[in-house]
Amino acid sequence: MTELFLFNRRSITKIFLMMIFSCVGLIAQVSNYISNVQVSDAKENRAITISAELFAVENISEITLAYKSFGTAEFKKRDMIITGAVSSGTIPGESVLPPYLEYYLIIRLKDGSSQTFPLGVDQGIVPLQISVAGSSLKDKEIFILSPFEGESLSEDEMLISISFIKAPDYIDIHKTKIYLNEEDVSFSALVTVDLIVLSGENLPKTFATETRRLRVEVFDKEGNLYHSIQRTFNVVTAQLAKMIESSWKYNGYLKGESRGENFNKASTWYNNFSAELNSSYHDWKLNGYAYLTSEEKNDLQPYNRYSFSLQGGDWFGLKIGDSYPRFPSLIMDGKRIRGFSGFLNLGAVNLQTSFGETERKIEGKLLEKFLASQVPLSSDIIAINKTKYGFPFGRVDFGTYSRKIFTVRPSFGRGENFQFGLTYQHSKDDTKSIEFGALPQENIVFGSDLMLALDNQNFMFTSQIAFSLLNKDIATGNLTDAQIDSLFGPNSTFDLDPADVKRVRDLIGKFITVNQYLGPWNPQEFASLAGEAALTLNYLNNNFRVSYIYRGSEYNSFGQTFLRTDVKGINIVDRIRMFDNKLFLSVGYEQLEDNLQKTKIAVTTFQTISGSVSFFPRMDFPNITIGFNRFKNNNGLKLSDQKNGKFTIDDVTNRILLQMSYDFTAGIKHNASISYTNSIREDNGFANSDASFSSGSFNVSSSWNNQLISIFGLVYSSSEIKNIPFNYFSLSLGGRYRLLENKLQLSASFNPSFGDFKRQSFELIADYNLFSNVNLSFQTRVFRIPGSATNSIVGLSTRLSI
C-alpha cells in the first residue's frame, strides 16, 4: 500500500497542471439540480444513453427525458432512473436518425413544482442538440470479426480479428492503426492479405478497468484516413478464465456507496447498495439486479429498484420486479411497472404481456375533524369513519391509491416483413388500498397495429390505432338501474336514453366501472380515438417518410401518460444520402392542428419547416452540421377582437444551428468541437412573449499520453424573454490522470460561471484498483453560489467484480 503515497515530483507536477489546464468532457448548462450531463455516442439507429449528475437530490421527485427527431415538433417523453446522485435514460434507436435530434430534461420536485434542463425550455430557451452520424457502406467492407460488441473475454484468450476481404484495392492494410483505450497497439498485429489478428497475450494488461474500447483506423495507399470503426468489450479477471471456456458464463458486481450532501445549510446522508449478476448458458440468459437506498420512504414512490430476468434467445423472455415494457407507443412505451413482463415469440403466433403496479399506495393524512353541522365547503373535506374517529367528516391531505396495470398483445407474423397485433390494457386504482383518498380512476384501451415491409424493408408501412375509456371516479361503483333512470334522459343531468345506458353498462361493465364519471359518451366524435400511420421508402439514397397522426382530446392511456392529445396532422421528412453517406441533405415539413372536438375558441395550426446539411468526411476534415427550423403557430384570431382577442395565438420562431467537430493531431491527439445556436421568437399574440436566444460553445479534448487526458471548454449564453435579459459565461477546466501502473485514476474539474448566473463548482474523483476485482472510489463536489450557502457532496464507494 505504500506505493499509493510514493509520488515523485514529476507526477505531482502533472497532476497540478491537469487540474489547472484541463476539464471533463461534459455538457454544462444552468440548472439548480443538474451539474453535468453525459451523452453516449450518437450513431444511426443505435440507442443513446443520457446520464445526468445531480445535486440537491432530496428535493427531486422524478426526472423525465424529452426528445424529438429532426423535422418534428412533438417531444416524446420517457421516465429516467434515479440511482444515487445520477439519473439515466435511453433514447430508443428508432428515434436516433441523422442529422441530429434535440432533447431536454424535466425535473419534478417533491413540492409539486418543476423546472427544465436547460433552464427555461418551456419559455423559449433552445433544447440541447445531438449530432447523429449516419451509417456507412464502408462498415460492410471492413468489419470486426471478433470480439462481439459487449462481449466478455478471458484476458489470455482474447483475440481481435478484423476482416478486409471486401475492402477496395486502394486500401493499404499495413497502414491500419489499432487502439485499445486510446493506446496504440498496432505493433502487436499480425497482418495478412485481407485479415489483421491481434492475440491477447501480446496486448497490454495494465488497463484500469475491465472495459476495452477498440478503435480501428483504416488508410488508403496515399495515407489518407478512409474509415474508422469502434467496438466496446470487456476483459474479465483471470479467475474467470476457466468458466468462460465452459458453456456457463457469468459476471457481476457488488457496490456500496455512502454519500453526504450539504445543500442550502441542510445536510443529508445517503447510503446505497447495488448488485448485478449476469449469466448465460448457450442461448439462455439469467440476469438479476438490485438497488437499495436510504432514500426509500413509505410516503414516497419507490426509489429502490430490483429485477430478475430469464431469456431464451429471441423466442422467450420473462422479467420479474421493475421493468419498462414497450408495447405500441400509443398504449405503453417505457412506463415503469413493478410486477412482471414477458414475451413468447413462436414466429407465426406471438404473445407479449405485462402486469404490475405503476403507483404504490401512499396513505393520506387526517388534518381536522368536523361535526355534520360544522362542515365548511371545501374540496379537501370527505366523509370519514365516525365510529373510528368520533366525527363524520374530516379535512384530509389526500394520499395516492395503488394502481395496477395489465397489458397483453397477441401478434401474428415474425415482424421482419409482416406483423399484425392486437393490444388490450386495463388499469385500475385500488379503492381499498388507502383510507384517505379521492377520485380513484380506471382506464381501458383497445388497440391494433400493423407492419408491412417489402424489398428488404426498403418499403415499409406501419400503423396503429387505439380506443380508450376513462372513468374519473369509481368510488361509487357501477350505476344501478334506479340511478340511471334519475341521471339520464330528457331534462336530466345527461341527455341520453336510459335504456341505451343500461345496455352499455351491461356490455362495457365487464371491462370497466360504468357510472356518470365514465367517458366519453360520444364515441362517434372520435374524442377517445388515437391513430397514426407511416410510409417509409428507402431508394436511390433517399430515406423518405410520410406519416399522419390523430389523437382525440379525450384519449387516455395510463401506460402512456406523456402523449400529446387533441392534435392531428401530417409530417414529411426526406433524408438524402450522398458520397457514401458522408453528405446528408435533410428537409422536413409538419403541419398539425388542435381543437378536434370543437372544445376551444378556435383551431390552432402548428407548422414546422426544417432543413439541414451535414458533412461527415471520416477523414482529415471537420464534421459539420448546419440546420434551420421555422416554427409557426396561429389560431386565426385577432387582438382587435374585443370578445376573443385574449385567446389570440400568432407567433413565429426562426432557429439556426451550427455544429462542428474535428479530430486532429498537433503534436498530440486532439478532438475539438464548436457549436452555435440562435433562436428568435416574434409573438404577435395576446401573450406577447417575444424571445431571443444565442448560445455558443467551444471544447477541445487532448490526449497528452496514455495517462493524461484533458479538455478545455467555454460556453456563452445570451437570452431575452419578455424584455428580461439573462446572460452568462462558463469556463471548464479539469482532466484525468492515471498513475501507479494505471491502478489509480484521478479526475478533476473546475467550472466557474459569470454574469447573471454566478456559480463556481469543483469536482475531484479518485478511483483506485485495490485488487484486480476490487475498486475504491472517492468523490467530492463543491458548488458555491455568491450570496448563498456553499453546497457540497462527498462520497465513498466500493465495488467488487465477480
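The legends below describe close-up views of a predicted model.

**View 1. Confidence along the protein chain.** The average pLDDT of the protein chain is 87, and 94% of the residues score at least 70. Strand S29 (residues 402–412) has the highest confidence, at 98, and helix H1 (residues 9–21) the lowest, at a mean of 40. Over residues 1–26 the pLDDT stays under 50. For residues 1–26 the model has 52 contacts beyond four places in sequence. Where pLDDT is low, the predicted coordinates should not be read in detail.

**View 2. The hairpin of S43 and S44.** Strand S43 (residues 708–721) runs antiparallel to strand S44 (residues 724–739), and 12 bridges join them. Gly713 has Ser732, in S44, as its bridge partner. Two residues lie between the strands of this hairpin, where Lys722 takes a positive phi near 55°.

**View 3. The hairpin of S44 and S45.** S44 is also joined to strand S45 (residues 744–755), by 10 bridges, and the two run antiparallel. Opposite Gly735 stands Ala748 in S45. This hairpin has four residues between the strands, and Leu740 takes a positive phi near 55°.

**View 4. Surroundings of Gln560.** Gln560 sits in the loop between strand S35 (542–551) and strand S36 (567–578). Its relative accessible area is 10%, under the 20% limit, so Gln560 counts as buried. The side chain of Gln560 reaches the backbone oxygen of Ser329 at 2.9 Å. Apart from neighbours within four places in sequence, Gln560 is in contact with Ser329, Leu330, Ile331, Met332 and Asp333.

Key. Residues numbered from 1 in each chain as written. Predicted model: local features only at pLDDT ≥ 70, side-chain atom pairs only at ≥ 80, totals over all residues. Heavy atoms only, no water. Pairing = 2+ DSSP bridges. pLDDT = per-residue confidence, 0-100. Contact = heavy atoms within 4.5 Å. Buried < 20%, exposed > 50% of the residue type's maximum accessible area, 1.4 Å probe, protein only. Polar contact = N/O pair within 3.5 Å; in protein donor to acceptor, adjacent residues only side chain to side chain.
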